[in-house]
Amino acid sequence: MTDATAPAPPARALSLARIEGALPWIALGLVGLLLPLLDDSYIGVIAQRAYIYWILSAGLNLVVGYAGQIAIGWVSMLTLGAYTTAALTAGTATPAWHPYLALVAGGAVGALAGVVVGLPALRLRTFYFAMTTLGFATIVTQVALAWKDVTGGGVGTPGPVFPWPFDPGWGFYYFCFILAALATWMTANLAASRFGRALVAIRDAEVAAEASGVAKPRLLIAVFLFAGALGGVAGGLFASLQSYITPDAFTFEMSVLFFIAILIGGRGSILGPALGTIVLTVLPEFAAPLVQWSTFLYAALLLLIVLIIPGGIADLLDYKNRRPLERHREIVPQPELLARVLDRRTGGEVLSLSDVELSFGGVRAIAGLDLEIRPGEVHGLIGPNGSGKTTTLNVISGYYAPEAGQVRLGDAVLPPRAPHLRADYRIARTFQTPRLIGGASVLDNVMIGGTIDGEGSFAESLLTLPRHRRDEKRLREAAMLALAVVGLDQLAAVRADRLQHSELRFMEIARALMLRPACLMLDEPAAGLSADEIRRLGALIVAISREGTAVLLVEHHADLIFDICDRVTVLNLGKVLAAGTPAEIRSHREVVSAYLGA
Amino acid sequence: MFASIVSYGLAVGAVYALIGITYNVMFSASRVFSFTAGMLGMLGGVLGALFIGKLGLPAIVGLVLVLACGAVLGLVTELVTVRPVLKSIEQHLYVLSTLAFALMVQQFVAVEWGTEAQPFPRLIAIGPGWLDQQFWLPMLACAVTIVGLELLYRKTLIGRAFLAIAEDSYAARALGLPETQLRMASFALAGVIGTLAGFTGAEMLLAFFGNQSILNFYGFVPVALGGMGSNRGAVVGGLALGLFQQAANFLVGGIFAAVAVFAVFIIVLLLRPEGLAGGSAARRV
Amino acid sequence: MPISAPEPLLEITGLSSGYGKIGVLRGIDLRVGAGEAVALLGPNGAGKTTLLRAVSGLLPRTGAIRFAGKDMAGASPRETVQAGLVHVVEGHRVFTQLSVFDNLLLAGYGMKRDERATQVEEALAFFPEIAEKRQDRAGTLSGGQQQMLAVAQGLVRRPRLLMLDEPSAGLSPVLVDRVLAAVARLREGGTAVLLVEQLIEKALAVADRVYALARGSVVLEARTDEPDLPNRLEHAYFGQDVRAPLSS
Amino acid sequence: MSITRRKVLAGSAVGAASLASGLAAPAIAANEPIKIGYLPALTGPSSSTGIGINRGTVLAVDEINAAGGIDGRKIELIVRDTQSDPTKAVNAVAELTQRQKVAIIFGPLNSGEALAATPLIARDKVPMLHPCWVDELIDVKKYPMAFRIAPTNTQVGGGANYYVVDVLKLKKVAVISDTTGYGTASVNTYVPMLKAKGAEVVYTNHVDAANPDLKPELLRMQSAGAQAIMPWSVNAGFLSRILNTRGAMGWDVPVVGQTTLGSGQTKALLDKPENWNKVYSNNFRQVCFAGGKLPARAEEFVDRLKKAKVEMGDTLLWWIALGWDGAKMMGETLKAAGPKADDIVAHWNKTKDWPGVYGTVTWTPEQHNGFPDTEVVMCEVNSLKDGAFNLAPGYAV
């Protein structure tokens with residue numbers, strides 16, 4: 001047993017992991033810095049092209065790899081950035097700009113286009129969204145063709161030439177190298193921040209992200225903005241590398257290339273897609289005779305990746321997570337640490353439902369329900385299937401808006417149909433089937449719970465400014481503490497999808513504790529647990545409630561309910577059949593018969 | 001001018017409708033939206049030109065061979081790109097596997113058949129102007145397909161099995177319906193319809209490897225607007241799109257026509273993501 | 001009441017199953033004799049539906065299942081149905097877009113045409129109420145009628161064992177009796193039945209034997225005519241240390 | 001470059017693979033082959049020209065090498081297919097100038113790729129010879145080492161305009177192009193020239209080459225009263241659809257325009273042979289039948305092609321001749337001036353009336369467009385025989 005106070009991971013272990021992670025980047029950086037020594041500008045051109053494609057792919061990686069949005073036609077950002085920078089520098093439509101300023105403008109136009117393309121992602125299904133991004137790419141190319149006086153139409157327009165210190169040749173090479181390094185650094189920072197974790201949560205466990213207070217629209221728009229900006233800047237550099245751009249330089253094959261590079265690299269990693277981009281840029285140069293078949297080979301590679309190693313290179317390199325975990329692991333919660341986790345600042349308010357009514361297509365799921373969950377109490381909610389237990393939970397969580405009646409915390413009415421706002425009211429919940437981010441570590445999964453407590457903004461996380469680092473430190477410590485409370489701190493660094501089912505249940509409780517909940521709702525937490533795991537779960541739930549949290553426990557296991565609940569409400573056909581102490585309910589005639597179907 | 005807008009619009013609209021139906025036939029049996037619909041359309045034209053134009057086979061033999069290739073490709077699509085990823089359907093891996101497979105076929109055609117748009121041999125030389133074969137052939141193919149599907153669904157048991165799987169695949173499996181064979185059959189049927197669309201439309205669209213991405217997008221628009229899985233929506237949507245595109249093409253010129261179509265597509269989808277007709281029969285949850 | 005033959009029609013030993021990581025059933029042993037009616041009782045979430053799904057091949061499973069002398073390892077739902085073990089799923093999920101008659105034809109998918117026609121008529125004979133509505137769309141039927149149609153679908157292949165998952169759910173009492181009456185008639189006709197049911201009295205009235213499931217394992221097995229059965233069921237559900245108020 | 005070359009152990013795959021070949025300093029040994037860079041577009045949408053030119057170039061280089069090469073040193077033709085894609089051209093240029101260290105670069109053959117490649121080749125100070133027509137490609141100050149052995153867009157358009165206005169004496173003209181670099185540039189140049197010669201341009205438009213139906217365009221031209229159609233595109237499919245539509249409409253109007261109008265690919269795409277009547281395309285006096293006979297040089301060149309069994313059916317004589325002239329020019333220059341860049345440029349600047357099969361080439365230090373105005377003529381496209389055409393009616397023979 002570790003000592004009473006849960007140890008924050010020793011500084012040495014954490015920094016060792018960070019160095020170990022940075023090793024490949026240091027190697028790549030060295031190669032990039034020393035490449036000009038070869039004095040072979042052919043390799044220089046190929047490397048510049050790889051950097052430029054990576055700047056775009058680093059941004060796209062956040063959209064495709066992290067947020068899981070299938071944005072295929074991303075060459076449109078490159079086109080827009082290239083033409084904006086080229087047109088502004090050449091001064092075809094406006095007085096000539098300074099190239100560096102024009103590049104910034106290219107990035108801004110890219111950012112704007114990123115949001116325009118990104119908006120449909122909020123409403124459209126995956127396939128629809130993939131189609132719209134493809135359609136957008138063809139439109140951008142055709143507008144470039146048609147808008148002759150600005151883009152030079154089919155004739156094209158000369159690319160910008162950047163003056164000292166990044167003048168053409170090795171100067172421009174270092175410009176691309178530095179921007180590529182910057183893009184890598186920023187995307188890595190974002191990925192390791194609470195925004196990055198929230199992105200992956202939206203991809204793999206959207207409902208849990210929502211319950212933890214992640215507002216999907218705002219976050220996705222910010223990511224599309226940033227990815228579009230990187231695409232625009234890459235476009236400006238591309239125009240300079242090409243020295244002269246015509247619409248047919250921006251082919252559909254490039255969209256496919258960017259997309260495949262990220263998938264080959266592996267979703268949810270930075271190093272994998274970077275290697276993928278380098279490989280796919282360099283490959284056609286060495287396979288000269290095959291050049292005609294390059295797109296065919298890319299497509300074949302994509303098919304292989306999708307069918308055989310969906311995890312891509314990152315999965316292959318992830319040897320850490322293949323080391324076997326010891327078989328018989330014990331979950332040993334430490335309820336005594338709860339005081340530090342919940343640090344009672346918020347006063348205990350009562351969560352109350354008054355005369356709530358809800359029906360689905362004529363069937364009354366909840367028919368005039370009154371319920372009160374008092375702080376410091378465990379309130380059990382039982383009833384046969386279809387009695388409205390889970391529907392009640394979902395009404396409190398804000399998934400359904402009741403036709404009548406209200407849900408209030410204290411005297412504040414909870415806004416209906418706004419699940420992501422529940423976190424602000426300190427209302428947390430777990431789910432019938434645990435929602436996890438399989439690819440992320442247990443610690444990261446739990447840190448998702450504390451997303452709304454961070455003060456640093458998106459931009460601060462990009463640049464790891466002090467507020468970001470303070471947030472990360474606080475979130476990491478709070479998560480380790482929460483894991484210690486539920487007894488999973490030994491598994492903090494393990495990938496979540498390697499955990500057993502019961503451990504996932506406790507992990508979800510730890511994530512809920514990150515909100516320092518005033519009210520905690522548990523949806524059949526005992527399902528699939530062994531007898532003594534249920535006993536430990538019961539003790540933990542009681543301890544949480546004694547800290548002043550109002551706990552609502554929806555459960556089938558009658559013995560757990562009667563064991564730990566202070567009050568029990570029995571629902572049947574959407575109405576309260578009986579309510580009282582466990583002993584009263586236990587001997588209530590109708591309850592037993594309704595419950596047993598006697 | 002007006003006559004050629006209507007005749008050309010309805011003809012190309014019929015091809016888009018058939019591609020839309022191809023999407024639906026595959027979708028209703030597997031819940032998978034496959035990028036291969038446009039590929040089948042393109043191949044209908046290219047293979048037709050190859051068999052009849054280059055190899056000089058008689059038109060009927062050519063047509064049968066093309067449809068047979070379509071069926072085989074449909075089966076390959078199901079086996080290689082759909083079945084392996086069905087288990088993790090929520091990850092939408094099928095979008096990537098079907099896109100990759102379609103791209104491979106397109107590039108193969110680009111290298112072997114050439115990147116130039118080759119003419120499609122004239123099959124039945126009657127009627128100048130709007131009576132020309134390139135106009136009524138696709139419309140005939142579309143009508144035949146609709147009637148054929150109606151008969152299939154209403155009269156044959158396999159047709160009714162398709163409807164059953166489309167409505168509730170869990171109940172169909174429990175009842176003992178052979179889900180895998182039915183899915184393969186529907187992909188083969190989609191292969192036939194897709195290549196028929198390409199074959200009959202190739203007089204207008206020519207045998208061109210680039211038709212794949214054009215048909216993928218313009219075949220998808222009627223399905224998205226008409227609601228997934230509804231063939232009626234696909235036909236109405238396809239014909240309307242054909243007319244709108246040709247009108248824009250004449251009035252505004254080619255480039256802005258594409259921009260106009262895309263703009264309408266995006267706006268309608270953002271307002272009603274499940275499409276104008278409210279989507280296919282709501283699945284029992 | 002036929003004493004169970006030397007080798008039971010259906011024998012399940014050490015059956016485990018669940019949904020992905022969530023293990024629901026933990027080593028179930030159960031057997032059903034030829035022509036025997038067995039009721040499967042237990043509170044919500046005990047694993048009754050999961051058990052039927054595992055037996056019919058709709059869910060992956062570990063453990064051994066023998067049916068009519070054959071080992072059913074790895075049998076798909078279709079192979080299970082063809083072997084004569086039919087599972088009528090919960091929630092009367094009939095195909096509302098198709099006619100009653102079509103629903104029944106699909107149940108006989110793959111049989112010879114004439115055989116299928118006669119057996120469809122046989123199944124319809126069990127439920128005259130829906131026989132007249134054979135050309136109507138199944139969507140136009142009431143909940144009870146749809147449940148009858150679902151059971152009729154199960155009968156088309158003249159199964160040796162019919163598994164019914166809560167046929168009474170969502171039905172009015174009158175309809176429940178009518179459906180369970182059909183189950184009784186089935187039993188007389190020699191078809192074995194495994195009935196999952198919430199309503200204990202109704203289930204006990206129809207069944208020869210009863211199993212009670214709780215928290216994924218069998219907590220009680222008994223013949224329905226044994227004394228003091230409701231009381232022992234109560235104990236089984238709520239674990240040992242509770243007073244039994246039900247003892248009237 | 002100030003950074004000295006030192007053997008550096010580069011860890012990544014990128015560096016290692018090319019490390020070995022990049023380092024060896026190219027001492028020019030006596031028997032070392034002379035490397036010539038060559039950037040044809042053998043695949044992709046606008047590849048019909050490239051395939052034709054390539055046959056002439058390869059034939060010439062083989063003959064030079066067969067005859068002992070340049071003072072015993074073989075010519076090594078390093079070919080990189082640009083696939084009609086500017087990004088591939090940029091990569092190929094860097095490889096040819098830096099890695100292969102070629103003496104001269106012949107190509108790119110398409111304007112799109114040439115526009116991207118010319119500034120880079122100039123920056124690497126390698127002499128460049130190309131047959132592209134876009135005017136901006138030649139600028140004695142910006143690209144001192146770039147020379148052109150073909151006419152400029154202005155000369156080509158001038159020849160066509162001269163024929164329509166001065167020979168056929170027509171007043172109302174319709175001008176149309178595809179949306180490639182070449183197409184749009186031509187229309188922007190020729191329409192003002194036409195107006196300067198007093199003709200009235202009644203209709204002009206850029207149309208996507210893949211657009212299958214050109215009927216609306218021709219209907220608008222006809223209603224505008226056009227007496228001649230001038231299409232500017234290298235896309236055979238696009239040009240054949242114009243001719244087929246004109247034939248289908250039964251509209252008797254001459255089509256005067258770009259050389260691809262007469263190419264084998266265009267002919268293969270015609271619905272009916274009659275669609276090729278009254279179609280006049282740019283051509284070059286040296287490779288046209290005048291009164292039934294080819295000029296002497298062209299006659300002798302055709303015999304040489306027949307002896308070498310070069311496929312003529314699906315391409316044009318002047319494409320092959322162009323490829324031949326390019327290789328021959330480079331061969332003679334290397335023989336006369338050696339492989340050093342400045343010597344080559346000096347030699348080219350002094351070239352006067354060089355007797356090419358395709359055209360007589362003259363360069364001066366101020367003028368690197370070597371093709372004479374007088375040799376840009378029009379020809380009858382349906383008179384195709386052995387890839388060559390009859391001079392269009394109306395010229396003084």
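This is a predicted model: local features need pLDDT of at least 70, side-chain atom pairs count only at pLDDT 80 or more; totals for chains, interfaces and linings use all residues.
The C-alpha trace of chain C spans about 55 × 40 × 40 Å along its principal axes, and the chain contains nine helices and ten strands. For chain B, with 285 residues, the rule gives a radius near 19 Å, and the 18 Å of chain B agrees with a compact globule. The principal axes of the C-alpha trace of chain B give a span of about 55 × 45 × 35 Å. The secondary structure of chain B consists of eleven helices and zero strands. The model as a whole scores ipTM 0.78 and pTM 0.82.

Five pairs of chains touch, and among these the pair of chains A and D has the most contacts. Chains C and D, by contrast, do not touch, their nearest C-alpha atoms being 42 Å apart. Between chains C and B, the contact involves 18 residues of chain C and 16 residues of chain B. On the side of chain C that touches chain B, the elements giving two or more residues are α2 (77-82) and α3 (100-107) of chain C. The residues on this side of chain C comprise ten nonpolar, five polar and three charged.

In chain A, four strands form an open sheet in the order β4-β3-β6-β7, with antiparallel pairing. Strands β4 (363-373) and β7 (412-413) of chain A each have a single partner strand and stand at the edges, so one side of each is left without a neighbour in the sheet. Within the sheet, β3 (residues 351-360) and β6 (residues 404-409) of chain A pair in the antiparallel sense over five bridges. L353(A) has V407(A) in β6(A) as its bridge partner. Helix α16 (residues 389-397) of chain A lies across β3, β4 and β6 of chain A, and runs at about 65 degrees to β4(A).

Two local backbone features of chain A lie in loops. The peptide bond joining W164(A) and P165(A) is cis, with omega about 5 degrees, and P165(A) is placed in the loop between β1 (157-158) and α7 (170-191) of chain A. R516(A), a residue other than glycine, has a positive phi near 45 degrees. The loop that holds R516(A) runs between α20 (501-513) and β9 (519-523) of chain A.

Chain D has a mean pLDDT of 84, with 89% of its residues reaching 70 or more. Over residues 1-27 of chain D, however, pLDDT stays under 50, and the model has 40 contacts beyond four places in sequence for this stretch. Chain D is divided into domain 1 (30-152 + 305-372) and domain 2 (154-290 + 376-391). The centres of domain 1 and domain 2 of chain D, taken over C-alpha atoms, are separated by 28 Å. Each of the two domains contributes 25 residues to the contact between them. On the side of domain 1 of chain D that touches domain 2, the elements giving two or more residues are α2 (48-66), α4 (111-123) and α11 (317-337) of chain D. Helix α11(D) provides the largest share of this side, with four residues. The composition of this side of domain 1 is 14 nonpolar, nine polar and two charged residues.

An open sheet of five strands in chain D has the order β2-β1-β3-β4-β5, and its pairing is parallel. At its edges are β2 (75-79) and β5 (146-148) of chain D, each of which pairs on one side only. On average, neighbouring strands of this sheet are turned by 25 degrees against each other, direction ignored. Strand β1 (residues 34-38) of chain D runs parallel to β2(D) and is joined to it by five bridges. The bridge partner of K35(D) in β2(D) is E76(D). A cis peptide bond is also present in chain D, from G107(D) to P108(D), with omega near -5 degrees. P108(D) is found in the loop between β3 (104-106) and α4 of chain D.

Definitions and conventions. Residues are numbered from 1 along each chain as its sequence is written. Chains are lettered from A and ligands numbered from 1 in the order in which they are written. Two residues are in contact if their C-beta atoms, placed from the backbone, lie within 7 Å. Two strands pair if DSSP finds at least two bridges between them. Axes are lines fitted to C-alpha atoms, for helices over the stretch in contact, and angles run from 0 to 180 degrees between N-to-C directions. pLDDT is the predictor's confidence in each residue, from 0 to 100. Domain bounds come from an automatic or database domain assignment. Ala, Val, Leu, Ile, Met, Phe, Trp, Tyr, Cys and Pro count as nonpolar, Asp, Glu, Lys and Arg as charged, and the others, Gly among them, as polar. The radius of gyration is taken over C-alpha atoms; the globule rule is 2.2 Å times the number of residues to the power 0.38.
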